[in-house]
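These are my notebook entries on what I looked up, one topic at a time.

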Amino acid sequence: MSTEFDARSHVAHMEKVMGLTIEEDWRPVVEAHIAAIEKAAALVQSFPLEEETEAAPVFEA
Amino acid sequence: MSGSTDITAMTAAEIAKAVTGGGLSATEVVKASLAQIDKRNPAVNAFTDVTADAALADARKIDEAVAGGTRLPLAGVPFAVKNLFDIEGVVTRAGSKINRGNAPAKSDATLVQHLRRQGAVLMGGLNMGEYAYDFTGENVHDGNCLNPHDLGRMSGGSSSGSGAAVASGMVPVSLGSDTNGSIRVPSSFCGLFGLKPTYGRLSRHGTYPFVGSLDHLGPMARSAADLSLVFDALQGADPNDPAQAARPALATHEKIGHGADGLRIAVAGGYFREKAEPEALAAVDAVARALGVSAEIDIPEAARARAAAYVITSAEGANLHFDRISLRPGDYDPDTRDRFLAGTMVPAVWVEQAQRFRSWFRERMRKIFEEVDILLAPATPFSALPSGTKTITLDGVTMPARPNIGLFTQPVSFIGLPVVAAPVWLEGALLPIGVQVIAPAWREDLALRVAAELEQAGVCRAPIAT
């Protein structure tokens, strides 16, 4: 995540992967939202977690 | 009690006492609530489904039971629920167009059952932001829910009707859901006491989900005592909610008057003192002064906590909605549609990192709660925004309004801590604003006691909007 995130390319690729329909007038807003999510994810991703830090699943077998 | 106005001004505790004592009938209370809904709802748009006939039938049964000597802790107390709660015979809209094509619910949600069993009377379903992905109270399908204190402003969301119905005196108590702040935001904007309990405390069975790993349910009311009365009634083990923790019930109402003496309280600093308008900080300071609190504790990595909740919400919410957003995107509210579409495109690595960070942040907050019993923080960065506001500017940074109204609530629910949103009216203010009273996990009683003390001191209050 060190390179500049290209929201337009990401949306164009993922809409095909996921089989989505995105009208052209929705597209800039969808791109803005994934860009905001990427920014948030980058902040979390840049935090050095110990490898033993695990998610806390609710699932119990 | 003479007229319906007097009845609608009563707290839940006062109603239950009067109905139990025979001074008032549940039927009179329900009729007063229905009259207030008729009077106020056309302007406020809090209710989407009024179940009048069922409410009157319930009231008659309660009157008979009380006359026969049955004791019910919530006898005759009218309440209403966000329309993502199942109500038997009513379609669970979850604020959407799509879900109203579903069959009516076959039974009530668990929490609705708990309250009805204890004598409360369900008045109907309440407006909400579509699929709970909202902080504004705006909804393109059912119309915007407006703030009873100023009809030109947002009620806050996504439990918008839950806030507006209580603030306008239609019901003394409502239930809402809170994934990232959706009880605390409308409590702040509408000037109410709102409780988001510990994650895993209350059953969510029979409610439409949003983000399973972050979804909470809880009550909103016009007094801290009512909040605790209802919270106690909502508790109980339910095998149908896989996330409900195996914890004993916590009796909070009997301790509500114990006050804040002896509790170690601090103001949350750092992140919680930035990106806030003056009224938000002034409200926290007023509460701190009233409690004699001067300590401030920095909450490390709160911005990352908020960011991680943001990522999890986008991906988990989009997963839940994937079939619908793939096949019927045009039937969504445009304000949620584009967020759900974006959420389908989130790499798994981002989500897993956010969930792992959640464990780290929980450990840090546990350490902080070894030093203090209560933290105080703003509930929202500002009082209710004018309806239709699309962007906000905080600390010189302009950002979209809808996702950012909850920037102070989101880091707290991220790790499931219990919070009471307590309403403050600053001197000369025309609008209320909430303060979060945050307690350690499983200690809702502490937050409720502090809120009650603030109410007793006159710093927090929740008047009906006139």
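I began with Met365(B) and asked which residues it is in contact with, leaving aside its neighbours within four places in sequence. I found Ile415(B) and Leu417(B), where a contact means that the C-beta atoms of two residues, placed from the backbone, lie within 7 Å. I noted that the model is predicted, that local features need pLDDT of at least 70 and side-chain atom pairs pLDDT 80 or more, and that totals for chains, interfaces and linings use all residues. Residues are numbered from 1 along each chain as its sequence is written, while chains are lettered from A and ligands numbered from 1 in the order in which they are written.

I placed Met365(B) in helix 13 of chain B; helices (H or I, at least four residues) and strands (E, at least two) are DSSP runs numbered from the N terminus. Met365(B) counts as buried because it has 24 C-beta neighbours inside 10 Å. The cut-offs are 20 or more other C-beta atoms within 10 Å for buried, 12 or fewer for exposed, and partly exposed in between, with C-beta atoms placed from the backbone. I also looked up Val412(B), which is 47 residues from Met365(B) along the chain, and the C-alpha atoms of the two are separated by 9.6 Å.

**Chain B as a whole**

I counted 16 helices and 15 strands in chain B. The radius of gyration of chain B is 20 Å, close to the 23 Å of the globule rule for 466 residues, so chain B is as compact as a globular protein of that length; the radius is taken over C-alpha atoms, and the rule is 2.2 Å times the number of residues to the power 0.38. Of the 466 residues of chain B, 62% count as buried, and of its contacts with a separation of 6 or more, 77% are between residues 24 or more positions apart.

**Where the chains meet**

Chain A has two helices and zero strands, and 23% of its 61 residues count as buried. The contact between the chains takes 26 residues from chain A and 30 residues from chain B. Helix 2 of chain A gives the most to the side of chain A that touches chain B, with 10 residues.

I then followed helix 2 (residues 27-45) of chain A to helix 13 (residues 348-371) of chain B, where the axes come within 9 Å and cross at roughly 50 degrees. That makes the two helices oblique to each other, since angles under 35 degrees count as roughly parallel, over 145 as roughly antiparallel, 65 to 115 as roughly perpendicular and the rest as oblique. Among the residues that meet are Ala41(A) and Val44(A) in helix 2 of chain A, and Trp350(B) and Phe357(B) in helix 13 of chain B.

Most residues other than glycine have a negative phi, and most peptide bonds are trans. I noted that a cis peptide bond joins Gly157(B) and Ser158(B), with omega about 10 degrees.

Tyr131(B) has a positive phi of about 50 degrees, and lies in the loop between strand 3 (121-126) and strand 4 (146-147) of chain B. Asp395(B) has a positive phi near 50 degrees, and is found in the loop between strand 12 (391-394) and strand 13 (397-400) of chain B. Is Asp395(B) buried or exposed? Asp395(B) is exposed, with 8 other C-beta atoms within 10 Å, whereas Tyr131(B) is buried, with 26.

Key: Axes are lines fitted to C-alpha atoms, for helices over the stretch in contact, and angles run from 0 to 180 degrees between N-to-C directions.
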